Amino acid sequence: MTAAGDGRALRAAAFAVLALGVIGPIAAGLAQTARAAFGLMPAIGAAQAGLGPWRTLFGLPGFATSVQLTLLTGLGATVLSLAIAFALTASLHARLAGTAAARALTPFLAIPHAALAIGLAFVLAPSGWIVRFVAPLLGLDRPPDLALVGDPWGIALILGLVIKEVPFLVLVTLSALTQFPVRQHLAAGQSLGYGRAAVWLKVLAPQLWPLIRLPLMVVLAYALSTVEMGLILGPSNPPVLAVLLTRLFFDANTALLLPASAGALLQAGLAVGAFALVWSAERALRRVGLWWLRRGGRGTAAEPPLRVLAAGGLVLFAIGALALVALFAWSLAWRWPWPAVLPESWSLKAWTGAGPGLGRAFLRTLVLALVTTSLALALAIAWLEGEDRGRRGRAGWAEALIFLPLLVPQIAFLYGLNVLFLRLGLSGGLGAVIWAQALFVFPYVMIALSDPWRALDPRLPRAAASLGAGPWRRLVAVKLPVLLAPILTAAAIGMAVSVAQYLPTLFMGAGRIATLTTEAVTLSSASDRRVTGVYATLQAGVPLASYAAAFLIPALVHRNRRALRGADA
Amino acid sequence: MRLALAAALVASLTTAPAQADDWQDTLNGARGQTVYWNAWGGDGRTNAFIDWVSAQTEARYGVSVQQVKLTDTAEAVTRVLSEKAAGRNEGGSVDMIWINGPNFLAMKAQGLLHGPFVADLPNAQFLDLSPGSPNVVDFTVPVDGMESPWRLAKFVFSYDTARVDAPPATMADFVPWAAAHPGRMTHPDPSNFIGATFLKQALVDFAPDPAVLLQPATDARFAEATAPLWSWYDALRPNLWRGGSAFPENESVQQQLVNDGEIDIAMNFDPAATAAAIAEGLLPETARVFVPEGGTIGNVSFVAIPYNAAHKAGAMVVANFLLDPATQAHMQNIEVLGSFSVLAPERLDAEAKATFAALPTAPALPTLDDLGPTLLEPHASWMTRLTEAWAARYTR
């Protein structure tokens, strides 16, 4: 078979898997949700098509506030995350190698959103860790009655999202930066009299933007639709839209499933609207930016804001680190009441008391993570290799398809999808859960792997080809070994994503597939921080171990190949 | 009356052998089954109790129990509903649900339940199933044998005696108490069952004519019956935690706020919860239960079997095991769960009575006498309307 024909077959196979496994089910799930949103749901005897569900939804008390809050926190957190990630990268790029930065950020990537939120709530609350440290100094005998967490403006929620998303964006930015000569740009810019910050803003940022736009959209979609963080850190009366919808979906009154479905569509609509907003902001900035560039200012004024942002980012990381430490401390505590700074009594009961259920959940989580990550990696490598052999870049539509599962809010299609799977007799099994998780693992693996794959020195496979190696041998003997470090990093990110999946595991597993995350969420409705601490430590432990492996394995395998060691991760 | 009793006696005599045979069939059918019991998973002690039940039924009947941990009971209802939507009318994934009134009403009305089956359980003989007993109505909706009791629930408050001298003595007293201690009390969000129960408790206490609450709520009845409740709540709300603008997600989060020192009063639907929380290190040793004068709302916790359950026989065996006097005594042990038994004491033999009498006690565990009278749950429509009306008034 010729390389070109081979490439076409590979591309076709990868595309078929994507179309049948991803797009079809999501479309079908959305269709089910849309039917319910317009009043059609035979199971609860709703057979009258109409706008009734929408009227109910819009008539809910505080609905407008909910939508406003969702947009405010979602867009606010995304813009702030981008600014801080950019400022941190610009400030630290010269001082920090990519791998060192990645290593420092891994705990934040590995910890699930919900666990971080619970830890943060304890650190920031009026009765929390920070206030407990200063309470004796201020003479407080009771916690102040202040809305430091769950504030009506959603500030705590924005902070939580920023702490979780900045590390992801920093990693993506660092990885994108390997594609062009940063040092030369900086040297050239500075020799023309531009300040360092100005070079970053005027020369590097416009080049970076197309490479990080999609990951940013993923962050935006997540920030707009998060349930866990909204529940723990967001305001409660009314809550953000995603939390409101969850309440409707799980209300005793089953008739509320109809407005809940309408709300799920609206949630998807909000995401689309926010994407459009970013797109038009990009257009506007392009014009303003051109004028700004032509004006030729040397940008000395840009330095201080960039520094403030970077410093703010470091402060947030410190708070985040405190949250992780607090969770671990709670897992070893017995009594820890206000105003004690440290637990009154310590105990291993939270660890030992969880019993065999914990071990089972841990094993199952591990198996699911390994299987879904392997599948996603295989598909990603097939897709990228197909692109290589076809000697073509990725079309915009293909890019959008890959990231579809991350861009459509989960709640908008999971319920409908579950009904579809039940009809096919596929729900409730491990297979369905593996598939549902892979849906969300694959896009992240692609984000992590695409840029390093494209940055591979083309002279290597060309040299192999001229030595007579066929396409498969070039892949297995040259590309994969050279790309070992980024492949393992992608695998580690995939593991982290798999471990954190809650709704897909719950819906597709009919609640029977108990993982660390489903157990942690059910137990956290009892809000026992000690148990949460145990689960969060284990939840973070699986991805952390895989991140460690992603750093160690290349170092061992490539110990006698200096150029490959610690390749950009 | 006597005639009815005699008739019942004759009926029981004539049907008894047949029933025994039927039960043997159920036991035979159940052997080897795994019952997926969908139950709220937020309470570690309940989870441990369900694990114990599994070990027992496995050893005795070859039936194992697998808890499917829920964050909200309605999850299981939604699951059965989506199975019905997909046409899966047998072999469903939910075998048994720990269910509450509103969800029971929803499932019964949609024809999502298996039954009646309670009369077929041999241990139902220890239950008071006479008309008017809390075992035969759930939120005023007739149970009709479609769900089986397993533990008693009663609404109680708790407070830390180290921080609070005297808790409110009546529901009305909450207003002056909160005014004297601003920001030191709250209730769970009314979208949560306990939060709604707090409002219902006040509703029952203040309603001009409590009998009206046992009928479905209409616009006129609702407006009249809730008027005193709203004026009371409007006086209370400004002095709640965070000025009444934010509410804890559920009763466990509220209990944590007490332990964190942010508030002084917690509430629960389980009189043993405070003693249990102290034993778990989640509340200070000085926490105690209190009940306002006039008593509080109480009901029975039930288990139900969905119409499409894959393991109905197994689920019935488990439901029956839960009603075994020895099981109920184990459950009522404060070191295990502490939940009060649903069995009628006068129907137990001397040995069973002695087992109950010998159960250990704890300082924070109230006796049945401490708990005062039990008030009936209003018709389920009141709860729905109450949470809607609350949201309409206070959610902006």
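Q: Domain bounds come from an automatic or database domain assignment; with that said, how far apart do the C-alpha centres of domain 1 and domain 2 of chain B lie?
A: They lie 29 Å apart, where domain 1 of chain B covers 2-151 + 300-357 and domain 2 of chain B covers 156-298 + 373-394. This is a predicted model, in which local features need pLDDT of at least 70 and side-chain atom pairs pLDDT 80 or more, while totals for chains, interfaces and linings use all residues. Residues are numbered from 1 along each chain as its sequence is written, with chains lettered from A and ligands numbered from 1 in the order written.

Q: OK, over to chain A: how is it divided?
A: Chain A has domain 1, made of 1-35 + 356-569, and domain 2, made of 53-347. The C-alpha centres of these two domains of chain A are 24 Å apart, and 39 residues of domain 1 of chain A touch 41 residues of domain 2 of chain A.

Q: Which element gives the largest share on the domain 1 side there?
A: That is H24(A), from which 13 residues of that side come. Helix H24 spans 529-557, and the elements of chain A that give two or more residues to this side also include helix H1 (3-37), helix H18 (430-455) and helix H21 (484-500).

Q: What about the contact between the chains, how many residues from each?
A: Chain A contributes 48 residues to it and chain B contributes 53. On the chain A side, the elements with two or more residues in that contact are helix H11 (241-249), strand E1 (333-335), helix H17 (410-423) and helix H23 (516-524).

Q: Stepping back, how many helices and strands does chain A have?
A: Chain A has 24 helices and 2 strands, and its C-alpha trace spans about 70 × 60 × 55 Å along the principal axes. Among contacts in chain A with a separation of 6 or more, 79% are between residues 24 or more positions apart.

Q: Which residues pair up where H8(A) meets H9(A)?
A: From H8(A) they are A:Val182, A:His185, A:Leu186, A:Gly189 and A:Gln190, which meet A:Arg196, A:Val199, A:Val203 and A:Leu204 of H9(A).

Q: Changing topic, is A:Thr515 buried or exposed?
A: A:Thr515 counts as buried because it has 29 C-beta neighbours inside 10 Å; the cut-off for buried is 20 or more other C-beta atoms, again placed from the backbone, within 10 Å of the residue's own. Across chain A, 53% of the 569 residues count as buried.

Q: Where does A:Thr515 sit along the chain, and which residues is it in contact with, leaving aside neighbours within four places in sequence?
A: A:Thr515 lies in the loop between helix H22 (503-508) and H23 of chain A. Its contacts, with those neighbours left aside, are A:Ala361, A:Arg364, A:Thr365, A:Leu368 and A:Thr505.

Q: How many residues apart in sequence are A:Thr515 and A:Ala361?
A: They are 154 residues apart in sequence, while in space their C-alpha atoms are 4.5 Å apart.

Technical notes
Contact = placed C-beta atoms within 7 Å. Helix = DSSP H or I, 4+ residues; strand = E, 2+ residues; numbered from the N terminus. Domains from an automatic or database assignment. Buried ≥ 20, exposed ≤ 12 C-beta atoms within 10 Å, placed from the backbone.
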